Amino acid sequence: KHRLPLPPGPTAIPIVGNLIWLRQSMSNIESILQDLHARCGPIVTLRLGSRFYINISDQYLAHSALITHGATFAGRPKQTAIREILNVNYHTISTATYGPLWRLLRRNLAGEVLQPSHVKLLSSARKWTVDLLKEELSCSGNSNSKPFIESFHLAMFSLLVYMCFGERLDEGYVNAIKSAQRDAMLYFASKLNIFAFMPMVTKYLYRDRWNKALSLRKRQKELFMPLIESRRVLKTKSGEDAKIRNADKILEYCYVDTLLDTRLPNEGERLLSADELVALCGEFLVGGTDTTSTALQWIMAELVKNQDVQSKLWHEIQLVLENSESGDINEDMLENMPYLKAVVLEALRLHPPTHFLLNHAVTQECTLGGHTIPRSAWVNFLMVNIGRDEKIWKNPTEFKPERFLEGGEGKGVDITGTKEIKMMPFGSGRRICPGLGIAMLHLEYIVANMVKEFEWRGIEGEEVDLAEKQEFTVVMKKPFRAELIPRK
Ligand code: HEM
């Protein structure tokens, strides 16, 4: 019995209704929710068995939930299928319950490898990535080449693998990790929903799916463990042997090093298990690769479609290059490039790489917008609607970076949403993406270099089609093609 009503939603059809819902793919779920929001308003409820799933699509309700009642909405649902397949009992940042373990793991990522002074140490790795990308695009940047998203994805993967395992791997190994990781994530995201409902029964009915998920997981482990072990060995070496770390392909410090040092105070100071190390590395790679390469795809597609925007950006690049002795764009120059920042923000507003946040769970019953949110309800946010809301943004479907400059409605926007939520491609509040800073750096640095190196022109008679497709992120349904003309 609840004091206030639950948010509105369709009547649940017991069992059958739930199964129909759980069998849906993410793209279907988005269109079902868009339809429900249009009919029922900015907060809606769906019932999955005894569980409530609440979805929010409005800036004020999102702010109230994620900031005002931040601690209550900072939980994560217990997804038993994922726990069993990963065998890590929610010991990753994105799945951990809101509490000491989550704080420890998150602080380890944000306060170590993503901490600004450590990020600076990796500038040579980013330069190497941009050089790789330039080379790849110089060879294949014409109309017959493979889609750009693949080049962006490989570049981001190479960089994140380097930051994670501290080793510059050859393309074959990176590709093997990339496909193991993507296959697993796509499969987990689309096929495991069903096990949220009566797991003992569905595990039996859908045992092929279960076994496939386990084998994908095994493949990841086989690829990651040798890299983790070689880092463990390297850590034990000292003196002369340690010089090996300075060799061209080995970083002195990487994410795995910090994980190998992590002890769990509430579990007898034990070290992380092999499964936990693999899951945390997987989370790091997934968090930083698909999201960033998808954002790059949308940014470059909009620059091809909007040649006037690309010309203004090129003009800004030329201005900063006037003071550059090397003729290269380095990371310090990004601070003096407001138009570049506006281009990146505008793309994240209009095309956030994910349309939802990760599922949240409330830690206790509470009220929101005149409704009861029951304890343990799953809550998510259709945040793409906020970035495209015409009450916040003028002509929201237009790609107009100027809105983030002086006089524009987005000038000084707080992308963390702490003061006010006008867009939240990285989420907001306690669970906000810890990679926000490095993701913005990667996007600005790569876009500036790509436009400095090439003029990106549309292909005669071929429109850049902005239709969307849900994969692990929301990518272009028809990957864009362009003609790349070297600037020199
Ligand atoms: C353009 C790039 C990126 C975008 C758009 C993005 C977006 C997001 C979003 C929407 C969330 C969910 C927030 C929530 O549930 O409230 C998230 C969480 C997360 N992201 Fe990112 N992300 C990006 C890059 C990165 C990078 C580079 C890393 C790490 C190297 C990373 C690591 C994580 C982690 C660990 C979480 C879970 C946080 C938690 O549960 O406390 N992300 N990200």
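I began with cysteine 433, which I found in the loop between α17 (384-387) and α18; I note here that the model is a predicted one.

Is cysteine 433 buried or exposed? I counted 21 C-beta neighbours inside 10 Å, and because the cut-off for buried is 20 or more, cysteine 433 counts as buried. Leaving aside its neighbours within four places in sequence, I find cysteine 433 in contact with Phe426 and Gly427.

I then turned to the ligand, which is surrounded by 23 residues, and I see that Cys433 is listed among the closest, together with Gly287, Gly288, Gly427 and Gly435. Sorting the shell by class, I get 12 nonpolar, eight polar and three charged residues.

Which helix gives the most to the shell around the ligand? I looked up α14 (274-305) and α18 (436-453), each of which supplies at least two residues of that shell, and it is α14 that gives the most, with seven residues.

Last, I looked at a helix pair, α8 (residues 148-165) and α9 (residues 171-191), which pack at an angle of about 100° with their axes 10 Å apart. Angles of 65 to 115 degrees count as roughly perpendicular, and α8 and α9 are therefore roughly perpendicular to each other. On the α8 side of the contact I list Leu154, Phe157, Ser158 and Val161, which meet Val174, Ile177 and Lys178 in α9; by class, this contact has five nonpolar residues, one polar and one charged.

Key. Residues numbered from 1 in each chain as written. Predicted model: local features only at pLDDT ≥ 70, side-chain atom pairs only at ≥ 80, totals over all residues. Near = placed C-beta within 6 Å. Helix = DSSP H or I, 4+ residues; strand = E, 2+ residues; numbered from the N terminus. Nonpolar A, V, L, I, M, F, W, Y, C, P; charged D, E, K, R; others polar. Axes fitted to C-alpha atoms, helices over the stretch in contact; angles between N-to-C directions. Parallel < 35°, antiparallel > 145°, perpendicular 65-115°, else oblique. Contact = placed C-beta atoms within 7 Å. Buried ≥ 20, exposed ≤ 12 C-beta atoms within 10 Å, placed from the backbone.
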